[in-house]
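Subject: A structure to look through

Hello,

I am handing over the structure we talked about, so please open it and keep it beside this email while you read. My notes on what was found in it follow below.

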Amino acid sequence: MDNRTNGVSVIVQGDLKAIDRFTNEILSEAPPASRIKSIEVFPKSIEEYFKFSIAGSKISDDQITEISPDIAVCDECLADMMSDPERIDYPFINCTNCGPRFTIIEGLPYDRPQTTMKDFRMCRKCSLEYNEISDRRFHAQPIACNDCGPVYQFYDGVKTISGTDMIVKEISSVISSGLTVAIKGIGGFFLMCDALNNDAVVSLRKRKNREAKPLAVMFRDLAELKRYCFIDKSEEHTINSWRRPILILKQKKLLAASVSNGLNTTGAMLPYMPVHYLLFRYLKTPAVVLTSGNLSDEPIIKDDPVAIEKLVKVADSIVIYNREIKNRTDDSVVRIINGSLNLIRRSRGWTPQPVDLKFNVDGILALGAEQKNSFCLGKKNQAIMSQYIGDLKNKDSCDFYIETIDRFSDLFRFKPEYLTCDMHPDYFSTGYASVLEKKYNIPVVYVQHHHAHIVSAMAEHGLDEKVIGISMDGTGFGTDGNIWGGEFLVADASDFRRFTHFDYVPVPGGDIAVQEPWRMTFSYLYKYFGDKIDYDLLPAFRHVARHNLILVKEMIQNEVNCPLSSGAGRLFDAVSALLGLCTLTTFDSEAPMRLESVINSETDQYYPFYFGESVIFAETFRAIISDFESTDVSLISAKFHNTVAQVILEVSDKIRNETSVEKVVLSGGVFQNKYLHEKTLQKLTQNMFKVYTNHQVPVNDGGISLGQLVVASKKTGLCV
Ligand code: ZN
Ligand code: FE
């Protein structure tokens with residue numbers, strides 16, 4: 001057997017039955033994190049072999065083997081931590097079934113000298129196991145033990161502590177006293193504090209400059225998690241899987257109030273590194289906040305010196321270890337919607353697992369969008385998506401973006417022949433496409449934002465036909481120069497027609513309106529009702545200074561700094577602020593999240609609306625305002641969500657009648673909304689539509705690069 005860059009080749013000798021059984025068992029006995037795509041069997045005349053051996057890895061330049069994502073520590077390794085004399089409590093224990101992968105890899109093929117483990121010389125015992133075919137650690141590249149592997153070190157400005165046991169005890173005492181620890185994880189540094197101590201959480205927020213965005217929480221175990229969150233079977237399966245993502249769950253009991261800041265969900269996860277298990281042995285609290293170690297919107301910090309320099313201001317002590325993180329990854333974030341996986345942030349545990357496509361995308365580099373950026377390389381029929389890069393709005397994120405494009409190109413032996421990017425002229429990624437266009441002298445394909453959203457989901461499902469593409473999104477540059485985002489397209493993988501869209505409304509102040517949703521409320525109401533409304537009486541404007549209200553009105557009247565938007569995100573903003581749930585935001589999508597979060601009643605009722613040329617919500621707003629006197633906001637919110645789902649159904653019906661297309665593809669960030677998404681699915685499937693959405697890449701802008709890749713492959717004629 002040998003590991004090749006294009007897969008594994010195994011030579012087996014024996015009678016046909018035995019070979020057959022062997023082939024079947026490769027599939028049935030495969031380790032959980034493995035992905036066997038195909039097994040090809042063909043006869044070969046060979047010399048006789050007397051023992052099983054593994055030959056050295058072979059490099060074939062044109063093809064690549066897949067790199068495994070990082071895998072949570074397995075149960076057998078956890079058991080070894082109690083019994084294996086050289087690995088008692090060893091915090092970097094791993095085997096062929098678990099441990100770091102992508103984060104430590106420097107080059108292909110994946111062998112120890114090509115990882116950041118190269119500086120650690122294996123001890124005799126590790127080396128024996130590494131070379132023993134029957135051992136669970138046979139060829140486990142990061143193999144290590146207490147004698148020869150990486151170690152942690154604790155530092156708090158006064159003292160330095162070595163020795164795992166001492167360190168773990170010290171961390172737990174620091175956490176118990178309400179302080180914050182910065183701890184080096186698999187793909188970067190994390191900040192940790194007691195999730196039941198509100199002062200601790202508030203102080204962490206202040207120092208990290210993260211005002212209100214919910215924080216992720218790691219629970220001691222599933223039993224503790226179940227005391228605080230509701231969890232069903234498919235959620236349990238997901239949170240326990242080897243990928244160990246952060247899973248958005250419905251709250252049952254409150255942790256420290258500042259963790260979720262009034263939202264009814266918790267971003268929950270379970271321990272995934274050996275050190276997490278060691279820590280919970282001593283921690284008195286059943287749950288800790290575990291959030292990326294960075295300052296506000298910068299990328300997660302991965303290098304010790306940077307962490308020491310920057311996180312000193314945020315954390316009271318810092319825990320490092322002496323192995324380099326080569327590729328940074330954040331924790332992935334997922335939500336289960338209608339029983340299926342929905343990715344919100346695709347990073348640790350997924351990257352760099354490719355998405356298999358029906359389309360040839362070889363040589364295309366898709367540069368993604370601006371927010372929640374990821375990019376994609378095309379290798380034959382595979383899309384290799386980068387980890388979550390973040391918002392390309394600060395220098396560090398842009399540097400991370402450029403550096404990761406270079407790393408991926410290097411790692412996957414990729415040289416672009418085509419480029420593709422968003423149509424937005426001001427996106428950093430669009431600008432970078434021009435830089436690369438000049439550097440390589442190759443063509444750029446510009447893809448409309450929402451077309452890319454729709455095609456990202458089509459690509460996952462191998463759809464190569466006309467579909468009804470519904471993109472409910474915040475923003476996106478439209479072909480008419482306006483901001484799009486409530487879009488009904490008739491699309492295929494190469495082109496689209498805009499069938500209809502949400503009504504255009506002015507966005508007073510542009511980006512400011514995204515942070516001040518009351519402006520959108522005013523904009524909608526003023527458009528539909530002008531001066532016939534007593535604005536002062538509405539909760540949206542209760543805290544708005546009179547002169548600001550007048551200013552916004554004048555901006556709209558004079559069309560000053562008022563771009564037009566059909567964004568569904570803006571509609572949700574407007575309703576959320578109208579109900580007084582969020583008139584000013586402190587984090588991305590706060591207003592829609594708060595609007596979804598208040599729903600606690602079941603209803604099928606919806607508000608009236610009208611659609612002709614576009615979808616008009618005048619009657620919707622009129623009804624909401626009249627409901628507001630007498631009805632609970634929870635019910636109003638549910639009815640509003642149902643209205644949007646009903647719009648989607650009725651428009652889909654009209655498109656089906658006119659075109660006979662009956663496959664509906666849903667994408668765009670608004671579909672992270674579980675209530676809306678499930679309601680929409682329910683209505684569409686009851687009306688005999690076949691519905692598709694994203695499961696392997698995010699519905700938000702983190703999935704855009706996959707759509708761009710496929711549109712570009714169609715437009716350049718790479719695939720017909
Ligand atoms: Zn293991
Ligand atoms: Fe988008």
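Predicted model: local features only at pLDDT ≥ 70, side-chain atom pairs only at ≥ 80, totals over all residues.

**Cysteines**

A disulfide is a covalent bond between the sulfur atoms of two cysteines. This structure holds zero disulfides. Cys-148 is in none, and its nearest cysteine sulfur, that of Cys-126, is 3.7 Å away. To count as a disulfide, the two sulfur atoms would have to be within 2.5 Å. Cys-148 is buried, with a relative accessibility of 11%. Cys-398 is in no disulfide either, and the nearest cysteine sulfur there belongs to Cys-421, 15 Å away. Cys-398 is also buried, at 9% relative accessibility.

**A buried strand and its partners**

Next, find strand β13 (residues 317–321). Five of its five residues are buried, so β13 is largely enclosed by the rest of the structure. In a regular strand the side chains alternate between the two faces of the sheet. You can follow this in β13, where Ser-317, Val-319 and Tyr-321 point one way and Ile-318 and Ile-320 the other way.

Which strands pair with β13? Strand β4 (residues 152–155) pairs with β13 in the antiparallel sense over four bridges, and Tyr-152 has Tyr-321 as its bridge partner in β13. Strand β6 (residues 181–184) runs parallel to β13 and is joined to it by three bridges, with Ile-183 opposite Val-319.

**An open sheet**

There is also an open sheet of six strands with mixed pairing, in the order β16-β19-β18-β17-β20-β21. Its edge strands, β16 (355–356) and β21 (444–447), each pair on one side only. Inside that order, β17 (residues 364–366) and β18 (residues 376–379) run antiparallel and are joined by two bridges. Ala-366 stands opposite Cys-376 in β18.

**A buried helix**

Helix α17 (residues 568–578) has eleven of its eleven residues buried, so α17 is largely enclosed by the rest of the structure. Among the buried residues are Arg-570 and Asp-573, as well as Leu-571 and Phe-572. Gly-580 follows α17 and has a positive phi, near 75°.

**Backbone details**

Two peptide bonds deserve a look. The one from Leu-108 to Pro-109 is cis, with omega near -5°, and Pro-109 is in the loop between α2 (75–83) and α3 (124–131). Thr-351 and Pro-352 are also joined by a cis peptide bond, with omega about 0°. Pro-352 lies in the loop between β15 (340–345) and β16.

Where are positive phi values found in residues other than glycine? Glu-559 has a phi of about 55° and is in the loop between α16 (546–557) and β26 (564–565). Ser-660 has a phi near 65° and is in the loop between α20 (633–659) and β29 (663–667). Glu-559 counts as exposed, at 69% relative accessibility, and Ser-660 is exposed as well, at 61%.

**A nonpolar surface patch**

Finally, turn to the surface. Val-8, Val-10, Val-12, Phe-22, Phe-52 and Ile-133 form a nonpolar patch there, with about 460 Å² of accessible area together. Phe-52 is in the loop between α1 (16–28) and β3 (55–58), and counts as partly exposed because its relative accessibility is 43%.

Enjoy exploring!

Best wishes

Conventions. Residues numbered from 1 in each chain as written. Chains lettered and ligands numbered in written order. Heavy atoms only, no water. Buried < 20%, exposed > 50% of the residue type's maximum accessible area, 1.4 Å probe, protein only. Patch = residues over 30% accessible without salt bridge, like charges linked within 9 Å, V, L, I, M, F, W, Y side chains within 5 Å. Areas by Shrake-Rupley, 256 points an atom, 1.4 Å probe, with all protein chains shown as cover. Salt bridge = Lys/Arg side-chain N within 4 Å of Asp/Glu carboxyl O. Pairing = 2+ DSSP bridges.
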